[in-house]
Amino acid sequence: MRDLAAELAALRAQHLYRARRVVSSPQGPRLRVDGRELLAFCSNDYLGLAADPRVQAALVAGAARWGSGGGAAHLVCGHSAEHHALEEELAEFTGRPRALLFSTGYMANLGVITALAGRGDTVLQDRLNHASLLDGGLLSGARFARYAHADAGAAAARLATAGGERVLVTDGVFSMDGDLAPLPALAAACRAHGAWLVVDDAHGFGVLGREGRGSAEHFGLGVADVPVLIGTLGKAFGTSGAFVAGSEDLIEYLIQKARTYIFTTATPPAVAAATRAALAILRREDERRARLGALIAQFRAGCGQLGLTLMPSATPIQPVVVGSAERALAWSAALRERGLLVAAIRPPTVPAGSARLRVTLSAAHTEAEVARLLDALAAIAAAEVPA
Ligand SMILES: *Cc1c(COP(=O)(O)O)cnc(C)c1O
């Protein structure tokens, strides 16, 4: 039998042990964590909608109308009019003929990849794709190939030699680096080779593009370029769940074939009601994206002055690379002593030697709060004994 205690001790010794904190406030920049108020730069609530009173009111009204539970899978009797209306609004928002709701982004990714690829096919993935995309590729039983990060030339070369149905899968915005996939070049390569392009835009939806339609809007790519677009609702939308947008045939096919769609309970209709409210707000309130852009510029300029290593990211994901897992933990702990909550991201989530503080910004932060983070980083850098 596996020695669990020994494996846990080894994780501790390598500074790779993970622990949860108990949060006792709603999501927002000021979080109550283990009984203490901290200024947080670690959530994916990029637009500050997770605790917006209007979204909350829609959830409450939704529960009053629909009750608490989803009841059954969509194909049995769980597909409510509220889910249906949200799907229609997401299709219109993304400029795609149809959209299909999934319970989580993880399940959407597993479901889409396993529906489109199987034995004898090839799934191509960016090296830095999200774990759920990698898991979908493995579960599909297809041949599995990874190409160098954001390298459309390498991806095209692989497409040219791959066998079977070819499915190229990429994050739109990379979750640990914050940079964008080269979608126009990937779309051209996929069209040239008759391959599917699947884009997981978990971190782009709501944030990128003038109206928040995500990476595809940012690059001006329609359904012919990005036939399979996946968005999640737990990040900028501030609620929960995910969706796939694409052609009529794609969506009908997923309804028949995607096992993570078929064999799971529909999310509560009240959550769909809350998401509809969030969607209306994020489309209308451009100023949230403008404020976020200003905070990103402020943070990057400040880090530049401090000589800290940032990544080439224009999104609210602004990692500060510090190197070892141990150093990332030390910086995160020092920030916490100063009342700031920033996650240390370590291997295996990121490659060895590139452990980082994953700073995420939100439209709900103020300029003064970003300045406070920069001051703390400056103090910690100054106090560190040079290696
Ligand atoms: C968060 C995330 C997911 C998973 O979405 P959930 O709805 O949280 O399951 C998938 N892909 C990427 C890139 C993500 O960042």
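User: In this predicted model, how many residues line the largest pocket?
Analyst: Arg-18, Met-176, Ala-343, Ala-344 and Ile-345 are the lining residues nearest the centre of the largest pocket. The space in this pocket comes to about 1,300 Å³.

User: Which element gives the largest share of the lining of the largest pocket?
Analyst: Two or more lining residues come from each of strand S1 (30-33), helix H6 (131-140), helix H14 (325-337) and strand S12 (343-345). The largest share is 4 residues, and the element that gives it is H14.

User: How many polar residues are in the lining of the second largest pocket?
Analyst: The second largest pocket has a volume of about 180 Å³. Of its 16 lining residues, Gly-105, Tyr-106, Ala-202, Thr-232 and Lys-235 are closest to the centre. Helix H5 (residues 105-116) supplies the largest share, 3 residues. By class, the lining has 3 nonpolar and 3 charged residues, and the polar ones number 10.

User: What is the volume of the largest cavity?
Analyst: There are 3 cavities of 30 Å³ or more in the structure. The lining of the largest one includes Gly-28, Phe-41, Asp-45 and His-365, and by class it has 5 nonpolar, 5 polar and 1 charged residues. The volume of this cavity is about 80 Å³.

How values were computed. Residues are numbered from 1 along each chain as its sequence is written. This is a predicted model: local features need pLDDT of at least 70, side-chain atom pairs count only at pLDDT 80 or more; totals for chains, interfaces and linings use all residues. Side-chain values use heavy atoms; hydrogens and water are left out. On a 1 Å grid over the protein atoms alone, a cavity is a set of points where a 1.4 Å probe fits but cannot get out, and a pocket is an open set with protein on both sides within 12 Å along at least five of seven lines; lining residues have an atom within 4 Å of a point. Grid points are joined across faces, edges and corners, and a volume is the space filled by probe spheres set on the points. Ala, Val, Leu, Ile, Met, Phe, Trp, Tyr, Cys and Pro count as nonpolar, Asp, Glu, Lys and Arg as charged, and the others, Gly among them, as polar.
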